[in-house]
Amino acid sequence: MPVTHRYKPDPKHPDLGDAFYDVVEAARFPETRLRFRNDRWASRIGLDGLSDAEWIEHFARFAPLPGNLEQPLALRYHGHQFRSYNPDLGDGRGFLFAQLRDAVDGRLLDLATKGSGQTPWSRRGDGRLTLKGGVREILASEMLEALGVYTSKNISLIETGEPLQRHDEPSPTRSAVLVRLGHSHIRFGSFQRLAFLGEGEDLARLLDFSIAHYWPEAAGEADRAGAFLDRVVDATAALAAEWFAAGFVHGVLNTDNTVITGESFDYGPWRFLPVLDQHFTAAYFDETGLYAFGRQPTALRWNLQRLAECLIHLSSQERMVASLERFSPRFHEALNRITRARLGLDPGNAAATDETDEAVGYFYAALSHGQVPFERAFFDLAGGARPERIAASPNRDIYALPAWTDAIASLRDATPAPAEALEHPYFARDEPVTMLIDEVEALWAPIAERDDWGAFEAKLAEIAILREAYAPLLAGVRRGE
């Protein structure tokens, strides 16, 4: 197989032992039609040399990659789902397929699946993924990456030819298998399971494994559990800030959807905000707004408390509380920096504080009036609310209203990013790239009706331009890459 020198297999999860996973087999699909391959990230991990036929062999039939896991592993975990504990979870329609090292930074990466068939944890599910669900996952991860969110990357989507019955889509609907690339699939729920079962030795083993492979900075500290939690709190707070600055609503922030690296993953009923609305929800079944946009930081902190409860016997209550108290200042620090970067300002060296930067605070206060679309405001005001950019905006009259006076003045007083960072042609467009729900449905319609992927591919090309334009602005605040 033509892997390149950048392919560095390193399967580590089996070192934990079989108490942490179940060996499984992939489903056998009647068809395998390659719909998406992410050669940008495939190149980084040395798999870009695969022919399409070889790609399908590994990412639809799941022939092992060289020197990697010989059989897929369905990981075991529990979790709180909408604050109710569920001990019957685990990888029910996916598995860990391979692990390898990032050729750029040496970090451990996972290749894991969604829609790859039934496992011991499928319960009554069929273990499958709809093609529409796979398309939506790709759109979410590509857009989030472009906007500076530390997210898993979807590297493959293959249509599998099985008609699926789903209550939330016209049935039968088309099926697919997705492969995502991420820095870890160890969830908060992975620790919860061991605590729930009273398996203290395995819990300590999982902590040691997590420190060794994901947070080695905690290895030399006297209280390893506390040092580990510090890092997870900081990373999770940063994720909350990145979602806020992207106007993103995940939709299902259960503890089994929260990982120890502070990475965004697993996109189901997600949405991007049309306008800044703290009460906006993504999931139709979130009837109380538990995971509404403005409640996401609180939801993630609640999840961190559940993780701390699992670790308390390896540390102390005082140390766990001290770690959790880091969340709010780290959130504000990260929000200040990434918001300023997205606005084309110098992100500065924001300190950890419970206060929002003046320019950032005024900006979100003005945006909360709902008169200007969320992404449009970032686009219009890039570089410090320049008069020529405001004059070119269809919202120019709104920016002259009292609600925006303080925000405009504060942005103009702030230090802008270097001028060359805003010279990309993207910032001369008439409108920004967005990913609102109506756009997503419009991209899916031609695929569903006539198997036309042109609009989807054109959107990915637009997102690539967005990612390229924001790269110099986000370089100083981007995590995990």
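Which residue in E10 is the bridge partner of Leu157?

1. A word on the whole first. This is a predicted model, and its protein chain holds 16 helices and 12 strands. The radius of gyration is 22 Å, close to the 23 Å given by the globule rule for 481 residues, so the chain is as compact as a globular protein of that length. Along its principal axes, the C-alpha trace spans about 60 × 60 × 45 Å.

2. Of the 481 residues, 58% count as buried. The chain exposes about 18600 Å², with carbon and sulfur atoms supplying 49% of that area.

3. Now to strand E10, residues 175–182, where eight of the eight residues are buried. In a regular strand, side chains alternate between the two faces of the sheet. In E10 both faces are covered: Ser175, Val177, Val179 and Leu181 are buried on one side, and Ala176, Leu178, Arg180 and Gly182 on the other.

4. Finally, the neighbours of E10. Strand E7 (residues 108–114) pairs with E10 in the antiparallel sense over five bridges, and Lys114 has Leu178 as its bridge partner there. Strand E9 (residues 153–159) is also antiparallel to E10, with six bridges. This brings us back to the opening question: the partner of Leu157 in E10 is Leu178. Strand E8 (residues 129–130) joins E10 through two bridges, again antiparallel, with Thr130 opposite Ser175.

Conventions: Residues are numbered from 1 along each chain as its sequence is written. This is a predicted model: local features need pLDDT of at least 70, side-chain atom pairs count only at pLDDT 80 or more; totals for chains, interfaces and linings use all residues. Side-chain values use heavy atoms; hydrogens and water are left out. Helices (H or I, at least four residues) and strands (E, at least two) are DSSP runs, numbered from the N terminus. The radius of gyration is taken over C-alpha atoms; the globule rule is 2.2 Å times the number of residues to the power 0.38. Buried means under 20% relative accessible area, exposed over 50%, partly exposed in between (1.4 Å probe, protein chains only). Accessible areas come from the Shrake-Rupley method with a 1.4 Å probe; for residues, only the protein chains shown count as cover. Two strands pair if DSSP finds at least two bridges between them.
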